[in-house]
Amino acid sequence: MAKTRELCKDIRDQIVDLHKAGMGYSTIGKLLGEKATTAGAIIRKWKKFKMTVNLPLSGAPCKISPCVASMIMRKVRDQPRTTRQDLVNDLKRAGTTVSKKTISNTPRRHGLKSCSARKVPLLKPAHFQAHLKFANDHLDDPEEEWEKVMWAAETKLDPFGLNSTRRVWRKKMDEYNPKNTIPTVKHGGGNIILWGCFSAKGTVRLHRIEGRMDGAMYRKILSIEDGSWLGLPA
């Protein structure tokens, strides 16, 4: 909303003088060509503070103008991994010096929060197309068919903690937006590979994979677990 026009001190004083003379808000407004609500606001201020001039604002003035705030929001929406220090440096080059805390307030007012980026498997365009084709091919499959399916996957764990942790500016429901995630791959040193599966009947315990998963190892795991209780052939 645009800022309204401020009345000069002479007009404000006239409004108060006319009020003292017994005139109402509407009469004063018509006489001076102003709104009755404007006259009323000035008179109420005079009654409370015994003055008609604007009072100074409390606290330090905001260092981030609406134009700068728009620039910050444009940057973090286009590049969610932008850090607070990056924004501080950008504003400093533009002639505005602010702290990291001041920077954080602007995205928060727009519903964005600094969160750890989720790690997801690295998917190429071919993977996306294959996933979409699978979903479309089985869109109308009856529920009974899905009860015969077993889902299996393996994952890598780093014993010494997650690597490449980054923070991103995002809303609560945008955690798996590709711009807010860090792709990972299932290889590299110093990690443990775990395999597990589940079906409509339940889950199995996790198995540590030593070496490379092949058909023989796969069949051995299923024989240990007795896949019949998962709804699979014995």
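# Report on a predicted structure

## Naming the elements

Helices are DSSP runs of H or I with at least four residues, strands are runs of E with at least two, and they are numbered from the N terminus. The structure described here is a predicted model.

## Overall make-up

The protein contains nine helices and eight strands. It has 234 residues, of which 25% count as buried. Among contacts in the protein with a separation of 6 or more, 65% are between residues 24 or more positions apart.

## Helices α1 and α2

Two packed helices are described by the angle between their axes and the distance between the axes. Helix α1 covers residues 9–20 and helix α2 covers residues 25–32. The axes of α1 and α2 come within 10 Å, and the crossing angle is roughly 140 degrees. The two helices α1 and α2 are therefore oblique to each other. The cut-off matters here, because only angles over 145 degrees count as roughly antiparallel. In handedness, the crossing of α1 and α2 is right-handed.

On the α1 side, the contact is made by Ile-11, Gln-14, Ile-15, Leu-18 and His-19, and on the α2 side by Ile-28, Leu-31 and Leu-32. Sorted by class, the residues of this contact of α1 with α2 are six nonpolar, two polar and no charged.

Trp-46 belongs to helix α3. Its relative accessibility is 18%, so Trp-46 counts as buried. Leaving out residues up to four places away in sequence, Trp-46 touches Val-16, His-19, Lys-20, Met-51 and Thr-52. Trp-46 and Asp-13 are 33 residues apart along the chain, and their C-alpha atoms are separated by 9.4 Å.

Helix α3 spans residues 36–49, and Lys-50 lies in the loop between α3 and α4. Lys-50 is not a glycine, yet it has a positive phi of about 60 degrees. With a relative accessible area of 61%, Lys-50 is exposed. Val-53 also sits in the loop between α3 and α4. Val-53 has a relative accessible area of 35% and is partly exposed. Not counting residues up to four places away in sequence, Val-53 touches Lys-9, Arg-12 and Lys-45. Arg-12 is 41 residues from Val-53 in sequence, and the distance between them is 8.1 Å in space, C-alpha to C-alpha.

## Helices α4 and α5

Helix α4 runs over residues 66–78 and helix α5 over residues 84–93. The axes of α4 and α5 come within 11 Å and cross at roughly 140 degrees. That angle makes α4 oblique to α5. The crossing of α4 and α5 is right-handed.

Helix α4 contributes Val-68, Met-71, Ile-72, Lys-75 and Val-76 to the contact, while α5 contributes Leu-87, Asp-90 and Leu-91. By class, the contact of α4 with α5 has six nonpolar, no polar and two charged residues.

## The nonpolar cores

The largest nonpolar core consists of 13 residues. Within this core, the residues with the most contacts are Ile-64, Ile-72, Val-76, Leu-91 and Ile-103. At least two residues of the core come from α4, and at least two come from α5. With five residues, α4 gives the most to this core.

When its neighbours within four places in sequence are left aside, Ile-103 is in contact with Ile-72, Arg-84, Leu-87, Val-88, Leu-91 and Val-98. Another core lies apart from the largest one; it has nine residues, including Val-16, Leu-18, Ala-39 and Ile-42.

## A buried threonine

Thr-106 lies in helix α6, which covers residues 100–109. The relative accessible area of Thr-106 is 0%, so it is buried. Leaving aside its neighbours within four places in sequence, Thr-106 is in contact with Ile-64, Ala-69, Ile-72 and Met-73. Of these contacts, Ile-64 and Ile-72 are also among the residues with the most contacts inside the largest nonpolar core.

Methods: Residues numbered from 1 in each chain as written. Predicted model: local features only at pLDDT ≥ 70, side-chain atom pairs only at ≥ 80, totals over all residues. Heavy atoms only, no water. Axes fitted to C-alpha atoms, helices over the stretch in contact; angles between N-to-C directions. Parallel < 35°, antiparallel > 145°, perpendicular 65-115°, else oblique. Left-handed = near helix turned anticlockwise from the far one by under 90°. Contact = heavy atoms within 4.5 Å. Nonpolar A, V, L, I, M, F, W, Y, C, P; charged D, E, K, R; others polar. Core = buried A, V, L, I, M, F, W, Y, C linked by side-chain atoms within 4.5 Å. Buried < 20%, exposed > 50% of the residue type's maximum accessible area, 1.4 Å probe, protein only.
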